[in-house]
Amino acid sequence: MVAILKSGMPEMRPLRLEEVAEVAAVEARAYEFPWSEGIFRDCLRAGYNCWVLVREQAIIGYGVLSVAAGEAHVLNVCVAPEVQGEGHGRRLMRRLMDLARWHGAERIFLEVRPSNPRAMQLYHTLGFNEIGRRPKYYPAKNGREDAIVMALELLPSGSE
């Protein structure tokens with residue numbers, strides 16, 4: 001069977017080591033306090049699930065997921081600013097959720113800035129609930145910003 005992508009539909013696939021610089025460049029355009037290339041390389045070395053969305057040979061988004069001891073943690077999800085609002089973040093999150101299930105995770109966690117209401121809304125629509133806060137978790141212009149901790153209990157695929 002051959003998969004045919006709709007015109008303009010980005011391909012989703014694992015991140016390759018040689019693409020780390022491009023991913024870091026997207027990160028730098030999207031975030032005021034971006035991850036470094038070294039952090040992305042470390043995620044690949046650690047065996048984390050690192051996926052990219054590619055359209056017309058350009059990376060337009062990515063997600064990083066760690067899974068251990070029956071729990072998954074979304075470490076980073078980002079969509080290039082110029083294509084935000086097109087559903088790419090939802091598609092990346094659904095892939096990370098499927099990967100967490102595939103690895104046998106029973107729940108998935110993430111942190112989000114209170115200053116990022118679009119992301120919080122996306123996570124709520126995917127079924128995540130706020131379970132706590134991490135004080136002064138993120139760097140911010142005026143010091144540090146709290147993180148809202150969200151979680152989703154995962155049901156086995158097909159039982160939702």
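Leaving aside neighbours within four places in sequence, which residues is Phe-128 in contact with? They are Met-93, Met-97, Ile-108, Leu-110, Tyr-123, Met-150, Ala-151 and Leu-152. The model is predicted. This briefing covers the nonpolar core around Phe-128, then strand β3 and the strands that pair with it.

**Nonpolar core**

- The largest nonpolar core is made up of 45 residues.
- Phe-128 is among the residues with the most contacts inside this core, together with Met-93, Ile-108 and Tyr-123.
- Helix α3, which spans residues 88–102, contributes the most to the core, giving six residues.

**Strand β3**

- Strand β3 covers residues 58–68, and eight of its eleven residues are buried, so the strand is largely enclosed by the rest of the structure.

**Pairing of β2 with β3**

- Strand β2 (residues 49–55) pairs with β3 in the antiparallel sense, over seven bridges.
- Within this pairing, Leu-53 stands opposite Gly-61 in β3.
- The two strands form a hairpin with two residues between them.
- Glu-56, in the turn of this hairpin, has a positive phi of about 50°.

**Pairing of β3 with β4**

- Strand β4 (residues 71–79) is joined to β3 by eight bridges, and the two run antiparallel.
- Ala-68 stands opposite Glu-71 in β4.
- β3 and β4 also form a hairpin, with two residues between the strands.
- In this hairpin, Ala-69 takes a positive phi near 50°.

Notes:
Residues numbered from 1 in each chain as written. Predicted model: local features only at pLDDT ≥ 70, side-chain atom pairs only at ≥ 80, totals over all residues. Heavy atoms only, no water. Core = buried A, V, L, I, M, F, W, Y, C linked by side-chain atoms within 4.5 Å. Buried < 20%, exposed > 50% of the residue type's maximum accessible area, 1.4 Å probe, protein only. Helix = DSSP H or I, 4+ residues; strand = E, 2+ residues; numbered from the N terminus. Contact = heavy atoms within 4.5 Å. Pairing = 2+ DSSP bridges.
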